[in-house]
Amino acid sequence: MATTGLVAVQAQLTSTAQRHLQVRFGPVQTTRGDGWVLFQFAPIAEGDELQTEIQRLCASLARDATGRASLRLVGEEKEADFTTVAEKSHSFAKWLAKSTGDVQNLPTDLDSLPESDAVNGMLEMLYNDVALDAPEGIHGVTKFPTAMCPTGSRMDVILKGAVCIKAFTQTTLNPSEVDSNPNQGKRRKSNSVSSPKKKTTLKKDDDSDEEHGKLMNDFSLLQNSYSAVKLPDGPLAKVWIDTQTLSHAFSSYSSANIENELPTTWRSKAFSMLESHEVLKQVQEALKLYWNGAASRTERLKINAISLLTIVSGDIREYIKVQVALHGSDWRAEWKMDMKELQAALHLCKQWNRIVASLVNQDWKEWDGGMFHDESFNDFTQRVNDVVRIRLLVNSVTFLGESVPDAMEPEKVFVPHRMTDLRVTSQDDWRNCVAKFEKEFEFVEPKLRQPAKQKLFPSSTIDDTTVRQLQAHSALLQVKDIQSTLEKDIEALIQYLIKQMDGVKGRYENNVKRAKTDLQKLRVAKSCQAEVSSYPEVMYRVFGAGSPFAERVALAASTIVAETKRCEDGVLEQWCAGLEAHCKKVLAIEDAVTVQVDSRSQPTSLRCMLNPSIVQFVQEVQNIRSWAGEMPGLSEEPSKKKSKLNISNSCENTIRACLQLFAASVRTQQSVANFNTVLSQTIPSTTAMLHPVMERALSQILHADTKRRVISLGQLPRVGGSEHAFSKQC
């Protein structure tokens, strides 16, 4: 199975386990890692209940991923039965003795061993070595010594030479930090509240847009997510699953085609990094359609929806990893990658976080699955952000004429740690490298203050060129000491942007006075809002979200936007007030659709025309609704629409009738065009033979004694019936 397939199986396993444990034990806190997932919930009772629950979990995972409870694993002769894990489990001492044979000086009572980190580490290492030589099939291990499970009881599941499941009834240990895989680096504990971090020079690059910045919390979306579930204090029941091992075991049997719901363009990955943002928008639309287009909202649909989110998160990581690998096979690849592509990768990660927030909060109707959060994707995004900001700082140092010390060279600081290898390079190792760079940068930073003032603000006058240059050195400008040095220049920048917004406001006021129609006024207001909103975004990109400098510009922009919105609301209210009279005029039109014989043409042909007043009315309504952010379809009932427009039911019915008449007239025009084409291509010798057929077709759309027929809006059903009969005759 391809890499994308393995990602899909891992996503399915995570979703299945999450829903299974949530149904069995209530609120479950989920922490995702690179190839593993940890579930935490309230402590459960001691005894055989743990073995029974883990057996149920194993059977559920196997059935959901493969459709069967027993299967023969790759390279093994016998089938592994996932429904007999509890029955065939062994105690830790028996498993160790059975696997290691006669080991001299092995204590008979392992509980007599002292409880210490050293003893625990020794036993875990011995246990993992024994697991590597485990016999074929699936095995359960219970009754662990106190040194490995100080409180409660523990059960492990061993498969394919690896511990793939660890379950505790209650413990304070963090299974994700146990080195169960020699290639897996230790990972910090991830809780619903971010742990305090050392103050560093490199600020996290919050999203440039203020609204998006509020949604982002350390690049994560923790609010109402399974990562933020409130759990009792003290020991917790925990289940750790190695989804990477299980996905390899299930891959050849997996019958899940859930990833086929994603666009083919996305699954093929045949697009460049700069094109990825547009393709991700297609993914968003596909995910919206998957949930909203379902006939019923079942638990299976919810599990699949979460799986799709996990799949896309994994796909983004794998895609960026491949793109980085094109620039080298070692840790230097990300430092050689084109800066635009690297920034595009960071933007792609942020864009996906925004899409997830939009899906679960707005786009997915009646979604009750909480907020989705993937900690491993969060860590990966932070690493990409670190690389981007470090490279921007290095570029700024070079631009300001200072040499980069060897001790501050990123390729030397981060050797041999790679941005894309979360399993090999732990978060602690990565943060240590970032801290090392920051420490070296602190020695260089004082030398940059005066050159920054001279080169970033070369003159007292601020212009667009200066603004673009500042955006290229945003990482440097977010350093507090640099900001203090450039305080007067930053104040000049703020005044320049406020002056530019005042100019936009002045043009808006002049254009509103010259506007003659409601639609023109609405366009002017929307245009002003879009232009003014771009100025705070500039400050967010330069100084970061939450910066007091950016907030001042945002406050000035919000004042102007509020004024334009008042004008917009007034225009819409005025338009709605005059809509009743407009609808009455439309209903009074008798010749809404006209079908007549055009005797001027040779041979004689038909003409179908829609009254221009109807066309103008439909276009105006659609334009107004589009600018107001409301574009309902024909299938939507007026009573179910949530619109800013205060439109009465009678007007809604008239608008709906006009839209249907417009669609019906288009179909009739197509049928008339086909009829005229047949007439023009008829051979003279067959005219007499085809004449009765032509007359019969005309009788379906014209009255027998006339060559002209007019249809009003109230006769809408006749248009569809006549067109259908006429098209059949043609």
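**Entry 1. Loop residues with positive phi**

I began with Glu366, which sits in the loop between α11 and α12 (375-399). I took helices (H or I, at least four residues) and strands (E, at least two) as DSSP runs, numbered from the N terminus. The model is a predicted one, in which local features need pLDDT of at least 70 and side-chain atom pairs count only at pLDDT 80 or more, while totals for chains, interfaces and linings use all residues. Residues are numbered from 1 along each chain as its sequence is written, and side-chain values use heavy atoms, with hydrogens and water left out.

I noted that the phi of Glu366 is near 60°, a positive value in a residue other than glycine. Most residues other than glycine have a negative phi, and most peptide bonds are trans. Glu366 is exposed, with a relative accessible area of 67%. For this term I used the following cut-offs: buried is under 20% relative accessible area, exposed is over 50%, and partly exposed is in between (1.4 Å probe, protein chains only).

I then looked up Lys143, in the loop between β6 (138-142) and β7 (154-159). Lys143 is not a glycine, yet its phi is positive, at about 50°. Its relative accessibility is 67%, so Lys143 counts as exposed.

**Entry 2. A cis peptide bond**

I found a cis peptide bond between Val415 and Pro416, with omega at about -5°. Pro416 belongs to the loop between α13 (410-413) and α14 (427-456).

**Entry 3. The nonpolar cores**

Which residues touch the most other members of the largest nonpolar core? I found Ile316 and Trp352 in that place, in a core of 105 residues. A nonpolar core here is a set of buried Ala, Val, Leu, Ile, Met, Phe, Trp, Tyr and Cys residues joined through side-chain atoms within 4.5 Å. Helix α11 (residues 339-363) gives the most to this core, with twelve residues. I recorded that this core lies between domain 2 (258-456) and domain 3 (491-585), because both give residues to it. The domain bounds come from an automatic or database domain assignment. In soluble globular proteins, nonpolar side chains tend to be buried together.

I listed the contacts (heavy atoms within 4.5 Å) of Trp352. Leaving aside residues up to four places away in sequence, Trp352 touches Leu280, Leu287, Leu309, Val312, Ser313, Ile316 and Phe377. A second, separate core has 35 residues, including Leu73, Val85, Leu159 and Ala237.

**Entry 4. Pairs separated in sequence**

I placed Leu274 in the loop between α7 (264-268) and α8. Leu274 is exposed, with a relative accessible area of 55%. Beyond residues up to four places away in sequence, Leu274 touches Lys340 and Ala344. Leu274 and Ala344 are 70 residues apart along the chain, and 6.2 Å separates their C-alpha atoms.

Glu285 lies in helix α8 (residues 276-292) and is partly exposed at 46% relative accessibility. I read a C-alpha to C-alpha distance of 9.9 Å from Glu285 to Ile355, 70 residues apart in sequence.

Leu679 lies in helix α22 (residues 649-680). Leu679 is partly exposed, with a relative accessible area of 22%. From Leu679 to Met694, 15 residues apart in sequence, the C-alpha to C-alpha distance is 8.6 Å.

**Entry 5. The chain as a whole, and confidence**

I counted 24 helices and twelve strands in the chain. Of its 730 residues, 51% are buried. Among contacts with a separation of 6 or more, 74% join residues 24 or more positions apart. The accessible surface comes to about 34700 Å², and carbon and sulfur atoms hold 50% of it; the areas come from the Shrake-Rupley method with a 1.4 Å probe, and for residues only the protein chains shown count as cover.

The chain averages a pLDDT of 78, and 81% of the residues score at least 70. This score is the predictor's confidence in each residue, from 0 to 100. Over residues 179-226 the pLDDT stays under 50, and the model has 123 contacts beyond four places in sequence for them. Residues 631-642 also have pLDDT below 50, with 20 contacts in the model beyond near neighbours in sequence. Where pLDDT is low, the predicted coordinates should not be read in detail.
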